[in-house]
Amino acid sequence: DTVDYSTLARGIVELAEGSAFRLIERLAEEIAGFCLANPRVQRVEVRVDKPHALPLGRAAAVEIVRDRDSGRRPMGFGRVT
């Protein structure tokens with residue numbers, strides 16, 4: 001009763017490579033939804049970085065936490081950096 005992380009990772013890569021999202025927030029939400037579609041996944045933490053997106057910064061990034069019960073971020077978790 002474990003998660004096959006290699007299969008999950010391949011699916012995430014396919015999702016990201018085949019996407020045309022304009023917002024990294026949307027990509028993060030789609031990745032979280034993809035992971036939670038697996039019945040063995042109860043909670044996910046997703047971080048998406050877009051290097052060189054900001055002229056004065058290293059990257060634009062978003063980090064979200066979602067769980068199976070609510071589909072929303074638990075209180076006190078998640079941040080945008």
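**View 1. Helix α1 packs against helix α2 in this predicted model.** Helix α1 (residues 5–17) and helix α2 (residues 24–36) meet at an angle of about 145°, with axes 10 Å apart. Axes are lines fitted to C-alpha atoms over the stretch in contact, and angles run from 0 to 180 degrees between N-to-C directions. Helices (H or I, at least four residues) and strands (E, at least two) are DSSP runs, numbered from the N terminus. From α1, the residues L8, G11, I12, L15 and A16 meet L27, E30, I31, F34 and C35 of α2. Contact means heavy atoms within 4.5 Å. By class, this contact has eight nonpolar, one polar and one charged residues. Ala, Val, Leu, Ile, Met, Phe, Trp, Tyr, Cys and Pro count as nonpolar, Asp, Glu, Lys and Arg as charged, and the others, Gly among them, as polar.

Residues are numbered from 1 along each chain as its sequence is written. Local features need pLDDT of at least 70, side-chain atom pairs count only at pLDDT 80 or more, totals for chains, interfaces and linings use all residues, and side-chain values use heavy atoms, with hydrogens and water left out.

**View 2. Strands β1 and β2 pair in the antiparallel sense.** Strand β1 covers residues 43–51, and nine bridges join β1 to β2. Two strands pair if DSSP finds at least two bridges between them. R43 stands opposite D67 in β2. Strand β2 (residues 59–67) is mostly covered, with eight of its nine residues buried. Buried means under 20% relative accessible area, exposed over 50%, and partly exposed in between (1.4 Å probe, protein chains only).

**View 3. H52 lies in the loop between β1 and β2.** H52 is exposed, at 71% relative accessible area. Leaving aside residues up to four places away in sequence, H52 touches R58 and A59.

**View 4. R43 and E45 form a salt bridge.** The N to O distance is 3.0 Å. A salt bridge is a side-chain nitrogen of Lys or Arg within 4 Å of a carboxyl oxygen of Asp or Glu. R43 is partly exposed at 38% relative accessibility. E45 is exposed at 52%. The whole structure has five salt bridges.

**View 5. Salt bridges link R47, D49 and E63 in a network.** R47 meets D49 at 3.1 Å, N to O. R47 also bridges to E63, where the closest N and O atoms are 3.5 Å apart. This second pair links distant parts of the chain: E63 sits in strand β2 and R47 in strand β1, 16 residues apart. R47 is partly exposed at 41%, and D49 is partly exposed at 40%. E63 is buried, with a relative accessible area of 18%.
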